[in-house]
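Please examine the sequence and the structure shown below.

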Amino acid sequence: MSSSEQARVTAGGIDLNSDLGESGGGRVFDDAGVLPSISSANVACGFHAGDPGGIRLTCRRAAELGVTVGAHPGYRDFEGFGRRLIEVDLGELTDEVIYQIGAVQAVARSVGTEVRYVKPHGGLYKAIAVREDQARAVARAVLELDDTLPLMVLPGSVIERVARDTGLRTVAEAFADRGYLPDGTLVRRGAPGALLAPEAAVAQAVRIATEGRIVAVDGTELAVAADSICLHGDDPAAVRLAREIRAGLEGAGVSIRSFA
């Protein structure tokens with residue numbers, strides 16, 4: 001990539017997001033340590049993780065730091081942390097996504113901020129990337145609640161197409177800390193190469209932002225046009241990872257800013 005091409009990629013900066021608000025039920029994550037390094041917080045809505053007090057605290061800290069708040073709805077699967085595929089009635093799925101977004105909207109407003117986008121979680125995120133039925137149920141939820149809310153999606157996914165067809169704005173994201181398959185999907189958790197070490201995650205984030213490319217687990221180079229880069233707040237190294245990714249991006253001349 002020439003210097004002029006790289007300048008075009010990095011000129012607008014990039015969003016750095018993390019899944020937060022997931023403490024509760026015996027799980028404890030350091031949201032306070034992650035928040036200063038990111039620009040957008042995907043806040044759990046209580047179905048896959050989180051409790052009212054923790055969700056409110058995360059929203060309050062985000063508001064204090066000027067971090068954009070998004071709703072992070074998932075399947076009703078607290079036991080499985082929302083990472084399992086669940087077959088659910090489509091009307092019920094729409095209702096539950098509306099309910100979850102609405103809950104975080106209320107909590108965010110109580111501490112002086114707003115929900116400004118939606119990013120589905122875990123198993124639901126993966127399902128709507130490939131399944132038309134659940135993708136349409138999620139898109140319908142956002143449309144009926146607030147059609148101005150952007151939907152954060154995997155590039156090239158079914159939900160990206162469905163959302164755009166229905167008039168929703170989409171925000172394409174790539175993952176700093178996850179491995180990719182040659183088809184552009186994520187390596188299944190538990191499989192070799194699914195989770196990247198901090199050094200590799202920093203390098204992947206910088207390459208996404210400066211070159212618009214990712215190297216899949218088999219060495220295939222993939223083009224990715226991402227508006228946002230994600231790191232997972234439930235990773236034991238999340239605080240270190242967030243700091244180092246931010247430092248790596250800024251060191252490469254990429255500014256960190258919210259898309260919303």
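Helix α9 (residues 238-251) consists of 14 residues and spans 19 Å from its first C-alpha to its last, close to the 20 Å expected at 1.5 Å a residue, the expected span being 1.5 Å times one less than the number of residues. Helices (H or I, at least four residues) and strands (E, at least two) are DSSP runs, numbered from the N terminus. The model is predicted: local features need pLDDT of at least 70, side-chain atom pairs count only at pLDDT 80 or more, and totals for chains, interfaces and linings use all residues. Residues are numbered from 1 along each chain as its sequence is written, and side-chain values use heavy atoms, with hydrogens and water left out.

**Helix α9**

- Ala238, Val239, Leu241, Ala242, Ile245 and Leu249 are the buried residues of α9 (buried: under 20% relative accessible area; exposed: over 50%; partly exposed: in between; 1.4 Å probe, protein chains only).
- Seen down the axis of α9, these buried residues fall within an arc of 165°, so they line one face of the helix; the arc is that of the directions from the helix axis to the C-beta atoms.
- Arg243 and Gly251 are exposed on the face of α9 turned away from its buried side.

**Strand β2**

- In strand β2 (residues 40-44), 5 of the 5 residues are buried, so the strand is largely enclosed by the rest of the structure.
- Strand β1 (residues 15-20) runs parallel to β2 and is joined to it by 4 bridges; strands pair if DSSP finds at least two bridges between them.
- Strand β3 (residues 68-72) pairs with β2 in the parallel sense over 5 bridges.
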